[in-house]
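User: Got a model I'd like to walk through with you. Can you take my questions as they come?

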Amino acid sequence: MKIKALTSAVLAGLLRPMLGEVNVVSAPIVAKERGMVVDEITRAAQSDYESLISVTVTTETIERSVSGTVFHDGKPRLVDIKGIRVDAEFGKSMIYVTNEDKPGFIGKFASLLGDAKVNIATFHLGRNKPGGDAIALVEVDGEVPADVLKATMTLPQVKQARALRF
C-alpha cells in the first residue's frame, strides 16, 4: 500500500498550526529541514479495524499518539488518544478535555456549556482505567468561546482543555 500521500497529509496537519502556509507537497521537505525524523511502518496484522493509522509525535519532553480509522459508513473516527480508547467522529468545532476519571465531571462540564449557551452535538468519552485518566471529545455548535475554555480549566478534575476546528 502506498502511504506517501497520507504521510504528507499528516505532516501538513502537524506543521500548519505552527508555520501557516504548509501544504501536502511542501510538508515532507519542511519536516526534513527542521530535523524531524519520520518513520512509516505498515503491518498486515489482526486488529479491531480493517485499517488503522496511528501517529506518534515524540519530542525531548513528551510523547503523544493518536489513532484513527474509517468505518463502513465512510466517516473517519478517532479510536485512540494517548492510549485511551475512544470512538469519536470529527466535528467542525470540538472541545478536547483531559481529566481525572472521578464522579461529577460530566455534570459540571455539561452544565458549564449549557450555562454559556453552547449546544452539545455529540459527547464522546474514554478512560484508561476506573479513577485514572480520561478524555472527553465534545462536538459543539459554533465556535468555542475562550471564556468557556478558561472556565473548563477551573473544574477540579480537568488537566487540559482545548478547542479543535476541522
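User: Lys82: buried, exposed or partly exposed?

Analyst: Lys82 counts as partly exposed, because its relative accessible area is 29%. Buried means under 20% relative accessible area, exposed means over 50%, and partly exposed is in between, with a 1.4 Å probe and protein chains only. This is a predicted model: local features need pLDDT of at least 70, side-chain atom pairs count only at pLDDT 80 or more, and totals for chains, interfaces and linings use all residues. Residues are numbered from 1 along each chain as its sequence is written, and side-chain values use heavy atoms, with hydrogens and water left out.

User: Where is Lys82 found?

Analyst: In the loop between strand E3 (76-81) and strand E4 (84-89). Helices (H or I, at least four residues) and strands (E, at least two) are DSSP runs, numbered from the N terminus.

User: What is phi of Lys82?

Analyst: Near 55°, a positive value in a residue other than glycine. Most residues other than glycine have a negative phi.

User: Which loop holds Lys117, and what is its phi?

Analyst: Lys117 sits in the loop between H3 and E6. Its phi is near 65°, again positive in a non-glycine residue. Lys117 is exposed, with a relative accessible area of 74%.

User: Switching to aromatics. How many aromatic pairs does the structure hold?

Analyst: Three. Rings of Phe, Tyr and Trp (its six-membered ring) pair if their centres lie within 6.5 Å; planes under 30 degrees apart count as stacked, over 60 as edge-to-face, the rest as tilted. Phe105 and Phe109 form a stacked pair, 5.4 Å centre to centre with 15° between the planes.

User: Why are Phe105 and Phe109 separated by about one helical turn?

Analyst: Because they are four residues apart in helix H3. Phe105 is buried at 4% relative accessible area, and Phe109 is buried at 0%.

User: And Phe109 with Phe123: what type of pair?

Analyst: Edge-to-face, because the ring centres are 6.0 Å apart and the planes are at 70°. Phe109 lies in helix H3 and Phe123 in strand E6 (residues 120-127), so the pair ties together parts that are 14 residues apart in sequence. Phe123 is partly exposed, at 27% relative accessible area. Phe105, Phe109 and Phe123 form one aromatic cluster.

User: Now the core. Which residues of the largest nonpolar core touch the most other members?

Analyst: Ile95, Val97, Phe105, Phe109 and Leu113, out of 16 residues in that core. Elements giving two or more residues to this core are strand E5 (93-100), helix H3 (105-115), strand E7 (133-140), helix H4 (146-153) and strand E8 (158-165). H3 gives the largest share, four residues. A nonpolar core is a set of buried Ala, Val, Leu, Ile, Met, Phe, Trp, Tyr and Cys residues joined through side-chain atoms within 4.5 Å.

User: What is Ile95 in contact with?

Analyst: Leaving aside neighbours within four places in sequence, the partners of Ile95 include Phe109, Leu113, Val138, Leu149 and Arg162. Contact means heavy atoms within 4.5 Å. A second, separate core has nine residues, among them Leu78, Ile81, Ala88 and Ile135.

User: Zooming out. How many helices and strands in the protein?

Analyst: Four helices and eight strands. From the N terminus the order is α-α-β-β-β-β-β-α-β-β-α-β.

User: What share of the residues is buried?

Analyst: 32% of the 166 residues. The C-alpha atoms fill a box of roughly 45 × 40 × 35 Å, taken along the principal axes.
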